[in-house]
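Look at the sequence and the model below.

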Amino acid sequence: MSSIIQPPIKFTGTAVSDLLQSSNNHVCGIPLKTLGRARFSTRRRDLIVTAKLRKVKKHEYPWPDDADPNVEGGILSHLSSFKPLKEKPKPVTLDFEKPLVGLEKKIIDVRKMADETGLDFTDQIASLEHKYQQALKDLYTHLTPIQRVNIARHPNRPTFLDHVFSITDKFVELHGDRAGYDDPAIVTGIGTIDGERYMFMGHQKGRNTKENIQRNFGMPTPHGYRKALRMMYYADHHGFPIVTFIDTPGAYADLKSEELGQGEAIAHNLRTMFGLKVPIVSIVIGEGGSGGALAIGCANKLLMLENAVFYVASPEACAAILWKSAKASPKAAEKLRITAGELCKLQIADGIIPEPLGGAHADPLWTSQQIKAAIVESMSDLKKMDTKKLLEHRMLKFRKIGGFQEGIAIDPERKVNMKKKEEPIVTQMSVERLESEVNKLKEQVLKAKGSSTELSESGLNEMIGILEREVEHEFLEAVKAMGLNDRLEMLRKEFSKANAGDQIVHPGLLDKIDKLRDEFFKSLLEAPNYASLKKKLEMLEDLYRTKNEEKTTSLKLEINKKFNEVLDRPEIKQKMESLKAEFNSSGATSAEDIDEELKNKILQTKKEIEVELAHALDSMGLGVEAVKSVVGDLNQQISLPDVKVRIKNLNEEVNKKIEETMGSPDVRNLVETLKLEAAKAGNTSESAASKSRIKAIEQQIRKKVSEAINSSELKEEYEQLRAEILEVRESSGQNGSLKGDSSIEASMPANSG
């Protein structure tokens, strides 16, 4: 029987979780590192066999093999609670934000100068701040896809726990997958929003380098996905709605993750999420990479922050595969269509949560409140569904992705990246043949008016299409003859590119188009095919007129039919008969003999009929302003929108006059004098004398402005507008259309007198 001889070893300060326990070699209670230094000796009579444990290469982080057993708390010591950072994160400026840094520096310099000199630079600071805000708005409303990727990866962007602690009343984190490990890259827990319990889970990135190492940069291992799976079962059992936050570059791809079944863990989550009987809402708050994001993203609704991205492969990886260089990542990001707007068009994402200008890190609390509102709204819709409908809704959301139907025209924007079809050969018709065809068609239309309008209309549309193609061909021939073909093609490409990116067309491009159009029409008379082009245009206009006449005739018939239907209604007929009977019984022979009561009844009935007729026209899609104006105001009152427009124009004229006055030399000199006096008042002890001089200068400036306004026609226009409003108020005291409208009073300019 062999025995084990072991040297004396101390085990003080060793945590229980760090002790190696094995029943195979009958060794118990020995620390792993200590055991690595120990020597085993086996004695059998005179034979001594000595063995030393070989130190193997440790696995890389985040596996617990790397944990130091002597650290207090053991291998899970790094899983500390989420606490606010002791130091404020350093501001990080992205490459495309560098133009804004210059404006920020100017604002800081001017403020510093104002503090040092005591001079008033309020106007200059306000102007610079306005420029900064405008530049920020222009920049963040025209972001490219790769710029949105950079914002989604911003080091200071709020993390999952930042948002959770902002939107929940209470939150309790739940740890462990019950299989030996607690992955810090995925955080789960129960929280309440407005008294409602939810199960929260999401990818957790770090807020600095140290936290990123602890959280493994938000890349989960199989343990993380199994922890999320355990919490899904828990939520399903207790009926808690699930909210998941996606922010990961992808699942952790190392050897041990694959050995422990990374793919199986993700697949198990996908299968399970489609069978959960509680509502699920997923929110992409940063970047959502491949299956690592989808493992907690199979939801009823997928929402995305405005600058978040969701992709199957990162732009850098895609560029390296297709273009053999990561420098092509901007092009890859554009082609992948990974932004929130693009994914909503493809019906992959269900909504976009707005971010402040500058990204979510510019105002994390405001962003969190937007997320909270989106969660509450989405959950209120999903909670109305029963279990069967909820599961079907989740299944259909993913079944419809990538679907298409044959025979439906492709969206022009989607044709940009498709292979161009060969242009059909245009067979040009002679002018004489076209003219004879048009004359025949006109005769057919006249004959068919009484029998079949549809046939005549279809023939008209076909002929109009032929003429439109002929006219377009003639225009292109004229462009070629003038030597403008290359410029036209270049402008077409630029315009298509601007439209494909959902961006506002640059004013410079519009100027180029206007210039080319003016040059074309100036030289059109000299084109060799001008005569045929003119003739074909005349025939096309003639056919358009014929088609409009057809539509007008059919529209008249339809309107008359609607009017007859209104007048034939029983209640309208009854009122008309009642009025006729009253008129006959009154003994009146003309309109002047009718008493006031009967007149009011007739006018009231007239209004009601006009309202019904207006509704009938609205149901046909016809907004007839004449009828609406009669129905809305028979007393010819001044309308509220007109009043507000006139008041706005008057305010603009007053402001313009004030600006002109302030820009005059004498007033400008007074302003400069005022600034100097204000500066002196801050540096001298004669405060009373300085204040009196400042007050006198201010009175002079006010007097100049008042004289300029009173001497102009603005005061007369103000009094006239005020009189009209008062007159309308008095005449419309019964219906109160203007009475008590504080918006008019608030927008009226103050009386200069």
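The points below are grouped by topic.

This is a predicted model, in which local features need pLDDT of at least 70 and side-chain atom pairs count only at pLDDT 80 or more, while totals for chains, interfaces and linings use all residues. Residues are numbered from 1 along each chain as its sequence is written, and side-chain values use heavy atoms, with hydrogens and water left out.

- Strand β10 spans residues 280-289, and ten of its ten residues are buried (under 20% relative accessible area, with a 1.4 Å probe and protein chains only).
- Strands (E, at least two residues) are DSSP runs, numbered from the N terminus.
- Strand β9 (residues 242-248) pairs with β10 in the parallel sense over six bridges; two strands pair if DSSP finds at least two bridges between them.
- In β10, Ser-282 stands opposite Thr-244.
- Strand β11 (residues 301-305) is joined to β10 by four bridges, in the parallel sense, and Leu-303 in β11 stands opposite Ile-283.
- Strand β12 (residues 309-311) pairs with β10 over three bridges, also parallel, and Tyr-311 in β12 is the bridge partner of Gly-289.

**Helix α11 and Ile-321**

- Helix α11 covers residues 315-322, and Ile-321 lies in this helix; helices are DSSP runs of H or I with at least four residues.
- Ile-321 counts as exposed because its relative accessibility is 57%, and the cut-off for exposed is over 50%.
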